[in-house]
Amino acid sequence: MSVLESASFIAQNSKNVHIPIDNIDRAARFTLDNMRAKEYSTHTWNEHALQPKEKNTSTVDWIFLVDVLNFSFWSDLDDGCKENSERYTVKYKGTPYTGYWSLCAAINRALDDGIPITSPTYYANASVQDLADVFASETKESIPLFKERVAVIHEAGQVLLEKFNGSFVNCIRQANFSAAALLRIIVENFPSFRDIHMYQGREVYILKRAQILIADIWACFDGQSYGEFHDIDTITMFADYRVPQALCYLGVLEYSQELLEKLNKRQMIASGSQDEIEIRGNSIWAVELMIRRIKEIAPDQPINAILVDFYIWDTAKEIQEQMNIPIHRTRSIYY
């Protein structure tokens with residue numbers, strides 16, 4: 001069962017999450033209009049100050065490390081509406097960063113300080129203290145799931161050294177320009193990327209980090225060189241906690257009253273639970289339905305799930321204080 005097939009199955013069987021089909025057209029048009037206005041493309045990914053500007057093997061190693069660690073950035077200190085000033089923060093070149101960008105800032109800061117943090121030879125055996133120093137915070141809150149990050153960074157480094165001659169570039173070469181093949185290589189060889197769960201008696205695939213790893217490489221290299229994949233459109237959106245919140249805002253996700261009460265009370269939603277799987281699976285399927293509608297409206301518009309996800313995630317960060325449904329609070333290494 002592929003990610004998209006899993007999403008369809010979850011959407012068909014959900015109890016607490018619903019996709020209001022009548023809202024798909026409006027959300028698709030709104031998204032299309034805004035992506036056009038912002039001239040959204042792979043170039044948008046490259047514009048952020050923290051993204052790598054060179055295009056070489058070192059860039060691939062940077063992206064791989066970031067996506068090994070690309071999970072669980074929400075803060076226990078957030079009140080559900082406004083970010084707390086004491087949440088985990090990394091200052092880089094005078095600018096404080098939180099959330100996902102704090103990870104990028106920490107890695108860039110370490111590289112500037114002469115620490116070879118993106119080299120598997122280094123991080124496969126880096127000490128806990130070395131990694132604690134790399135991810136040190138400006139505030140009282142430490143990076144979430146630090147022990148888990150140490151474990152997955154060691155694991156990923158060891159796999160690269162033992163199986164792929166010390167670089168994720170060799171995984172890309174082995175995939176032979178196929179995103180689907182690269183996805184299989186990642187999931188089969190790197191256990192921490194196996195975002196696979198049981199739902200209604202069936203195994204379902206979400207694979208957020210594995211897919212976003214491929215998407216980041218594709219975007220960074222503008223679909224060329226290491227980012228050239230003939231089947232890139234097989235990659236779906238990346239089911240995390242921020243994009244589902246934005247999809248609710250757009251009216252293409254709807255939660256049951258029971259689930260809403262849990263979110264409003266800031267209750268923890270267990271990883272792999274029915275509620276969590278339904279939120280994430282329906283998010284993938286809602287975006288798929290939006291993309292299908294966009295292609296009907298504007299068949300010549302370059303569009304895929306990656307670009308739509310990037311756009312929605314960026315927008316969600318911009319308007320997060322306007323959204324009246326909180327993120328679901330799940331601690332997980334998968335997103």
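A residue is called buried when its relative accessible area is under 20%, exposed when it is over 50% and partly exposed in between, with a 1.4 Å probe and protein chains only. The model is predicted, so local features need pLDDT of at least 70 and side-chain atom pairs count only at pLDDT 80 or more, while totals for chains, interfaces and linings use all residues. Residues are numbered from 1 along each chain as its sequence is written, and side-chain values use heavy atoms, with hydrogens and water left out.

**Exercise 1.** Find how many residues of helix 11 are buried, and check the span of this helix.

Solution. Helices are DSSP runs of H or I with at least four residues, and strands are runs of E with at least two, both numbered from the N terminus. Helix 11 covers residues 208–220, and 13 of its 13 residues are buried. The expected span of a helix is 1.5 Å times one less than its number of residues. For the 13 residues of helix 11 this gives 18 Å, which agrees with the 18 Å between its end C-alpha atoms. Just after the helix, Asp222 takes a positive phi of about 50°.

**Exercise 2.** Name the residues that touch the most other members of the largest nonpolar core, and list the contacts of Phe168.

Solution. A nonpolar core is a set of buried Ala, Val, Leu, Ile, Met, Phe, Trp, Tyr and Cys residues joined through side-chain atoms within 4.5 Å. The largest such core has 126 residues, and those touching the most other members are Phe64, Phe135, Phe168, Phe190, Tyr255 and Ile312. Helix 14 (residues 274–297) gives the most to this core, with 10 residues. Turning to Phe168, and taking contact as heavy atoms within 4.5 Å, one finds that Phe168 touches Val60, Asp61, Phe64, Leu160, Leu182, Ile186, Leu213 and Ile217, when residues up to four places away in sequence are not counted.
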